[in-house]
Every structure is written in structure tokens, then in C-alpha cells.
Amino acid sequence: MKDGQFITMGIESSCDETAVAVVAEGRTVLSNIISSQIDVHKVFGGVVPEIASRHHLQNIGSVYQQALDAAGITIEDVDAIGVTCGPGLVGALLIGLAHAKAVAFATGKPLVGVHHIQGHISANYLSSPELAPPFLALVVSGGHTHIIDVKEYNRFEVLGQTRDDAVGEAFDKVARVLGLGYPGGPLIDALAKKGNPQAIEFPRVYLEKDSLDFSFSGIKTGVLNYLNGKRQKGLSVCEADVAASFQQAVMEVIVAKTMTAAVSRRQKRIVVAGGVAANSRLRELLGQACRERDIAMYCPPPILCTDNGAMIACAAYYKYQAGMINDFTLDAHPGLPLQMQEKAC
Ligand code: KG4
Ligand code: ZN
């Protein structure tokens, strides 16, 4: 407790960000320290799991201390320790988990395992203090593309998800074939602003009628074939048009399926989360579709869209309030399904 407020620490290390944050009363961010490994992995064009684990190990101690210092507290003031237990890279997850368990063991503080997607959704509670379930969530990141019915703080129904690549992964791969660099999402977003979104007709994959699942492998191949075709004929390519047309095709499908889900579930609020929630075209198209149907759209600021510890602390707060506390058998689950978060973590 600090000034009568319940203090939660959140630790996140599922991919390439070593992050620790301190949150008061589940909603107020006191500190949010993120050590990104983007520069380390850039040269490889993507995250190298073994290197990620090594960097988490090197950084976790100092990121942890910085989070306490920036919040102006000591570990004695912390009431619960939240940590991502899955899904993610197993070696990366284990570093955050080992640190959280060690601190919990040494101090006697309760330990709360958090599903990474629950964390992303919870980022919206930090940026929108009045928001509470039920609502519909669209989680779009480098590892996930999910449409979720959020029934309660800790109760979820996954309505649709990707059957192959996650949307952020598709952005990263298309950026690579365009020679833009890593991570590709923000680079395509920026380049697309200079291009024509209607210039090239890339495939929009809707799958079976009424399906809320996604598939992005077709459009990825579509971009590759388009570029190869042009290059083989010695023709020049307008990369800005490719970026804008690819982004438009992907976002049209995402927005259409999200709106179908919202209408069928009679949801008047849509919450967007995950790294790709920062995408400007997604925000425009979804915002427009929501306005037309009188639906409120929630989206966190970019710093809370990408992986961070504050979202994990927030989710851990609500799990703790519901009595969902873990013992030291808490383990890393690289493929943890969201519906299993109550039991597995
Ligand atoms: O949530 P996040 O930080 O990590 C995962 O849990 O995966 O998401 C990272 C992903 C990357 O694929 C990155 O390219 C993508 O989010 N991303 C974007 C944008 N900013 C980040 N994709 C499209 N447009 C953006 N503006
Ligand atoms: Zn994430």
C-alpha cells in the first residue's frame, strides 16, 4: 500500500520488450519502464528467440529497479506482483517469470500470472478510466489477431482469430520484401500515407460466410507475386502504392469482421489493443465504421499499445481482486489459449 492505494507491479517479457511497471488501484500508472530490443533484432529482420532471452536476463534487474524508483516506492509498498505467463517465446517468458517468482518468494507478496492478451485488452482500462466490461475487443499484434467478447474482467469468449499469420506478422513480412526494415508495421503505415490505397487490388480474404476468423497468408503471397511480376518484367514499383494498397486490403477485412461481431453481439463499445492498434488507417476506418453505427471506439495511446508492464499490472489487479492468485508452480505456457487463462496461469 502507498498512501492507502493498492499497488500492483507488472512484469512483461513475452517477446522483445523487457518491461516492468507500477500501477495504483489497477488504473493509475505510477511508472512504466520498457527496454526494447528492437535495435538488437533489426539486423536479423525479426526477433531471434535465444538472443531475446539473453537480453531479458541482462536487463530485467535494472528495469525492475527503475520501475520502483520512477514510481517513488520500494518493493515493500507493492501489494501484488503480476507477470505474463503466456503466450510468447518460452525462453523469454521464463526470465520474467523467474524474476517475479524470486521477488514474490523473497518478500511474501502474492504472485499473479497474466495472459498476454488479457494484458493488451487491459491497457484500455489505463487510458479510459470509465471503461468496464462487457465490450467487444479487437486484439491485433505481432503474435495475435483476435476478436473477443469480453464478458467480465476475467471472462472471455474468442469469437474469431487468425488461422495463419497474425496481422503484425504480415506487416513485418511485407515490409521485409519491400526492403523497409524491422519492425515493418510503423514503416508501412508511414509509407502508405504517400501512396494510393486503391492502386492495386490485393485479395481480401473473408473465409466462410459468417466466419470471424482471419487469414493473411494469401495477401502476403499476393504482394510477393505482384513484386516478382513487376521485377521480372523490369518494371518499376511504386512502393508507397504497394504499402497503401496492402494496408487498405488488410484493414478493410479486419474492420468488416469486427463490425459484424459487434452487431451480432449487440455491443456498443469496441476496444482495440495490441501493437497494430497504433495503425493510423485502422483507426480511421474503424473509427468511421463505429461512428456510422453509433458505437464507441476505445484505443490506447501508442505507448500502451505495444508490449508494456502497465497492462500486465492492470490485468493482475483484476485477477487479484477475483482471488486468482498463483503459487510457485506457475509456469510459462508458450501457446496458452485465452479461455484457459483462469486455470493455467
Ligand atoms: O503488441 P506488440 O508490441 O507485440 C506483440 O505482442 O506481438 O506488437 C508488435 C507488432 C509488430 O508486428 C509491429 O510491426 C506492429 O505491431 N505495429 C504496427 C504498427 N505499429 C506496430 N503495425 C501496423 N501499423 C503500425 N502503426
Ligand atoms: Zn503483445
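**Around ligand 1**

Biologist: Hi! How far is the side chain of His116 from ligand 1?

Modeller: An N or O atom in the His116 side chain is 3.2 Å from an oxygen atom of ligand 1, and a polar contact is a pair of N or O atoms within 3.5 Å. This is a predicted model, where local features need pLDDT of at least 70, side-chain atom pairs count only at pLDDT 80 or more, and totals for chains, interfaces and linings use all residues. Residues are numbered from 1 along each chain as its sequence is written, ligands are numbered from 1 in the order in which they are written, and side-chain values use heavy atoms, with hydrogens and water left out.

Biologist: What about Gly275 and its backbone?

Modeller: A polar backbone atom of Gly275 is 3.0 Å from an oxygen atom of ligand 1. For Gly168, a backbone N or O atom lies 3.2 Å from a ligand 1 oxygen.

Biologist: And how much of ligand 1 does the protein cover?

Modeller: The cover is 90% of the 550 Å² of accessible area that ligand 1 has on its own, by the Shrake-Rupley method with a 1.4 Å probe.

Biologist: Which elements give two or more residues to the shell?

Modeller: Helices H4 (116–127), H5 (167–177) and H6 (184–192) do; helices are DSSP runs (H or I, at least four residues) numbered from the N terminus.

Biologist: Which one gives the most?

Modeller: H6, with 4 residues.

Biologist: New topic: how many residues surround ligand 1?

Modeller: There are 21, and the closest include Gly142 and Asp172; near means a heavy atom within 4 Å.

How values were computed. A polar contact is a pair of N or O atoms within 3.5 Å; within protein, one must be able to donate a hydrogen and the other to accept it, and residues adjacent in sequence count only if both atoms are side-chain atoms.
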